[in-house]
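The following note sets out points for a colleague who is reading the model alongside its sequence. Please consult the structure while going through the numbered paragraphs.

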Amino acid sequence: MTSFVRLFKNAALLSLCFVASVFADEKVYLAPIAVNGLHEDYALASAKLMKAHMDAEGRYVLILGTSEDSVGTDNQARIEQVAKEKKCTKYIVASFSRTGENVMLSFKLYNVGNGSPVWSDSPKAETPDDFEAIIENVSKIIGTQKKSDDIAPKKAKEDYSVPETQNYAMTPKEPTTFFGVAICGFLPLNPIVEMDAGYSIYMLHDAGTFLYTLDFNWYGMSSESNLKYYDFGITMDYAFSAKLFTPFAGFGFSYSVNRYNYDGVDEYSYAHNYSTSEDKGLTGFLDGGIMFNRKSHVVVTLRAKYICNLYRTASYDIVKSNKTGLDIVRRKSLIHGPAFNLGMAYGF
């Protein structure tokens, strides 16, 4: 009888060890987290954080999805296929969505071969600083009968920030619309080459991937400038990154008004019936530059444009004449050339 009891205990212990090893080695695939209204760096950082906590729990081995997997949260069939390829028995579909000032986090756990979730949870974060505590809780209770409401989340540390993204991630407090002023210059190549200084007033909206700018520009503010040029335009630029120093490029259109005069023309106007003319119309331009200190309330923008009027501007020149000695010739020129802009704006 004693031998039987001893044998039974040994068998039970071996069974428990086997079961524990099976659960510890059970692989779970985490598809790339979808983010809506948040910077994409939060997805990668949160996935790494979840793996660290689940590895510490020891119930599952979390396999992180990568961009090479070519999966999206809206394609569950593809997620399940990738999970099978990675020899996982379960997979997680997660998404983070900003709703006003809060962020809704959704986690769903599936068994491979079953289209319905076996566990789900939808905790709410007041700010991205709450992600650490929420992800830690979810890592503990995923696949159990508990939900986030059953465990009080830890108070997020005041100095906590998402790893490697503290300079780049969007937060609810970051400004997206800026109002600013700039100094600028325009170098028209027709009908004469002359640098004309000016200033600009602009409003910039940071929509993440794209930057939109409304601006009013005045070139030729010096009394010695032959060109007086005003324009009101809109620009759309593509932002090549989401970092503090963001290069961008795009194009725009404006409505411009300009006058072109030559020195000394006025003194001949009485003899040639000369009067100052004013031309206006549509202008197109290419645009590119760098935004400095993005995500803060004070940003600096450095821009370069190539402007080309889609209409011709009247200009006058004094030329030599065999009859009168001097004469005034009226020309129609297509104004075009590079322009430069250095601005500072405040966000709100």
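**Notes on the predicted model**

1. In helix 2, the buried residues are Y42, A43, A45, S46, A47, L49, M50, H53 and M54; buried means under 20% relative accessible area, exposed over 50%, and partly exposed in between, with a 1.4 Å probe and protein chains only. Helices (H or I, at least four residues) and strands (E, at least two) are DSSP runs, numbered from the N terminus. This is a predicted model, in which local features need pLDDT of at least 70 and side-chain atom pairs count only at pLDDT 80 or more, while totals for chains, interfaces and linings use all residues. Residues are numbered from 1 along each chain as its sequence is written, and side-chain values use heavy atoms, with hydrogens and water left out.

2. Helix 2 covers residues 41–57, 17 residues in total, and spans 25 Å from its first C-alpha to its last. That value is close to the 24 Å expected at 1.5 Å a residue, where the expected span is 1.5 Å times one less than the number of residues. The buried residues of helix 2 pack against strand 1 (27–30), strand 2 (34–36), strand 3 (61–64), strand 4 (90–99), strand 5 (102–111) and helix 4 (131–141); contact means heavy atoms within 4.5 Å. Just after helix 2, G58 adopts a positive phi of about 85°.

3. Why can helix 4 be called largely enclosed by the rest of the structure? The reason is that 9 of its 11 residues are buried. These are F131, A133, I134, I135, E136, N137, V138, S139 and I141. The partners of the buried residues of helix 4 are helix 2, strand 4, strand 5, strand 6 (119–121) and strand 7 (124–125). G143, which follows helix 4, has a positive phi near 85°.

4. Y42, F96, F107 and F131 form one aromatic cluster. Rings of Phe, Tyr and Trp (its six-membered ring) pair if their centres lie within 6.5 Å; planes under 30 degrees apart count as stacked, over 60 as edge-to-face and the rest as tilted.

5. Which strands pair with strand 9? Strand 8 (residues 177–186) does so in the antiparallel sense over 10 bridges, and strand 10 (residues 210–219) is joined to strand 9 by 9 bridges, also antiparallel; two strands pair if DSSP finds at least two bridges between them. G185 has A197 of strand 9 as its bridge partner, and L204 stands opposite T213 in strand 10. The hairpin of strand 9 and strand 10 has 3 residues between the strands, and there G208 takes a positive phi near 95°.

6. The structure holds 14 aromatic pairs. One of them is Y199 with W218: the ring centres are 5.3 Å apart and the planes lie at 80°, so the pair is edge-to-face. This pair links distant parts of the chain, with Y199 in strand 9 and W218 in strand 10, 19 residues apart. Y199 is partly exposed at 28% relative accessibility, and W218 is partly exposed at 23%.

7. Strand 11 (residues 227–239) and strand 12 (residues 246–260) pair in the antiparallel sense over 13 bridges, forming a hairpin with 6 residues between them. Y238 has A249 of strand 12 as its bridge partner. Strand 12 is in turn joined to strand 13 (residues 279–292) by 13 bridges, again antiparallel, and F253 stands opposite G284 in strand 13.

8. How many disulfides does a search of the whole structure find? The search finds 0, a disulfide being a pair of cysteine sulfur atoms within 2.5 Å. C184 is buried, at 9% relative accessible area, whereas C308 is partly exposed at 27%.

9. For the protein chain overall, the secondary structure comes to 5 helices and 15 strands. Of its 348 residues, 39% count as buried.
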